Amino acid sequence: MRKTLSFITIFLLFLSLAGCFQASTLVSVRPDGSGTIEETFLMSKELVEQMKTMEKQMAGAFADGNNKQAKKNKGKDKEAFGILNVEELKKKANELGEGTTYVSSKRVTTDKFEGYKAIYAFKDINKLKFNQNPGGNMPGSRGGGKEADSKKEIIVFKLTKGNPSQLVVKMPKEKPVDKPEESREEVKQEKIDDPNSEMVMAQMKEMFGGMKIGLAVEVMGTIVQTNATHREGSMITLMEMDFGKLFAQPEDLKKFSTVKSNTIEDAKKLMKDIPGIKVELNKEVTIDFR
C-alpha cells in the first residue's frame with residue numbers, strides 16, 4: 001500500500017477531508033481596529049447527501065426499542081446535515097478572540113454546493129486569532145480538544161493607530177512534521193510513475209477538483225503602502241487555492257509525489273508557482289492605511 005501516491009498527504013492536511021468543499025474568509029478592518037469577518041463555507045451536495053445517508057443509518061442502528069433515537073433524528077436530513085449550525089457559529093465567536101461577536105448567518109446554495117455565510121464583528125483586531133485551516137468549519141469538527149488545537153494554524157494581527165494606521169498580519173508559525181524520516185531513495189520510488197497513477201489522478205480530480213480556499217484582508221480606507229505580494233485596491237489576498245487549477249497542471253502535481261507535508265504553510269510553498277494560485281510567503285505582512 002506504500003505505492004499510494006504520497007501527494008495525497010497534501011490533501012489530508014485539511015483535517016483528512018474526504019470530499020469537496022469551498023471556504024473563503026474576508027477580514028475587513030477600519031483604521032480604529034474594529035471590523036468584521038465574513039466567512040463562507042460550502043460542501044458538495046453529493047458529499048452532503050452521503051452524510052445524510054450515513055446519519056440515517058447510524059440513527060437506525062442505535063435506535064432503542066422505543067425508537068426514541070429515530071424520533072430524535074427525524075427531519076435532520078432537511079437541515080443540510082447541520083452545515084449551518086447557529087449555536088456552533090455563536091460559540092466560534094468566542095474562539096476568534098475577545099470582543100468578537102456573532103452577527104448573522106444564512107444558507108447558501110449553488111448548483112453543486114450548499115453551506116452557509118456567517119458574519120462576525122470584532123472591536124479590536126489585536127485580540128483576533130484566526131485559524132487559517134478551514135477544516136475546523138466542517139460539521140463535527142468545530143470546538144475544542146487537543147486534536148483540534150493541534151491542527152490550528154493561527155494568524156494574529158497587530159494594529160497601531162495613527163495617520164496612517166499600520167496593520168501587521170503575522171502568518172502561522174511552521175509546525176514540525178510528525179512523521180518518521182525516510183530515505184531519499186525511498187521517496188523517489190513513490191513518484192507518480194506507477195501504471196495506476198492516471199486512474200488515481202482521475203479519482204482525486206473527481207473528489208477534490210472543485211475544492212477552493214480563500215483568505216483575504218480588506219482595509220476600510222486607502223492603502224498608503226504594503227509589502228503584500230497580492231494586492232488589488234484595498235484588498236490583500238493572503239491565500240487563494242483553486243485545486244481545479246492544480247489538477248489542470250499534471251507536471252506541477254507531480255511535485256507532490258516527493259513531499260511529505262501536513263500543514264497549509266507547506267502546501268502554500270509548494271503551490272506558489274502554479275498559475276492562478278496566490279499565496280503569501282512573507283511571514284509578516286505590513287499594511288499602512290488611512
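Which backbone nitrogen lies 3.2 Å from a polar atom of the side chain of Ser-165? It is the backbone nitrogen of Gly-162, and the views below begin with this serine. The model is predicted, so that local features need pLDDT of at least 70 and side-chain atom pairs count only at pLDDT 80 or more, whereas totals for chains, interfaces and linings use all residues. Residues are numbered from 1 along each chain as its sequence is written, and side-chain values use heavy atoms, with hydrogens and water left out.

View 1. Ser-165 is buried, with a relative accessible area of 1%; buried means under 20% relative accessible area, exposed over 50% and partly exposed in between, for a 1.4 Å probe and protein chains only. The side chain of Ser-165 reaches the backbone oxygen of Pro-31 at 3.0 Å. Leaving aside neighbours within four places in sequence, Ser-165 is in contact (heavy atoms within 4.5 Å) with Pro-31, Thr-160, Ile-287, Asp-288 and Phe-289.

**View 2. The cis peptide bond from Asn-163 to Pro-164.** This bond is cis, with omega near 10°, although most peptide bonds are trans. Pro-164 is found in the loop between strand E6 (154–160) and strand E7 (165–170).

**View 3. The two sides of helix H4 (residues 86–96).** Leu-89, Lys-92, Ala-93 and Leu-96 of H4 are buried. They cover an arc of only 115° around the axis, which puts them on the same side of H4; the arc is that of the directions from the helix axis to the C-beta atoms. The buried residues of H4 pack against strands E2 (35–44), E3 (101–109), E4 (113–122) and E5 (129–131), while the face turned away from the buried side carries the exposed residues Lys-91 and Asn-94.

**View 4. The two ends of helix H4.** Asn-85 caps the N-terminal end of H4, with a side-chain oxygen 3.2 Å from the backbone nitrogen of Glu-87. H4 is followed by Gly-97, whose phi is positive, near 135°.

**View 5. Leu-167 in the largest nonpolar core.** This core has 50 residues, and those with the most contacts inside it are Ile-125, Phe-157, Leu-167 and Ile-287. The largest share of the core, five residues, comes from E4. Not counting residues up to four places away in sequence, Leu-167 touches residues including Val-29, Ile-125, Phe-157, Val-217 and Ile-287. A nonpolar core is a set of buried Ala, Val, Leu, Ile, Met, Phe, Trp, Tyr and Cys residues joined through side-chain atoms within 4.5 Å.

Technical notes:
Helix = DSSP H or I, 4+ residues; strand = E, 2+ residues; numbered from the N terminus. Polar contact = N/O pair within 3.5 Å; in protein donor to acceptor, adjacent residues only side chain to side chain.
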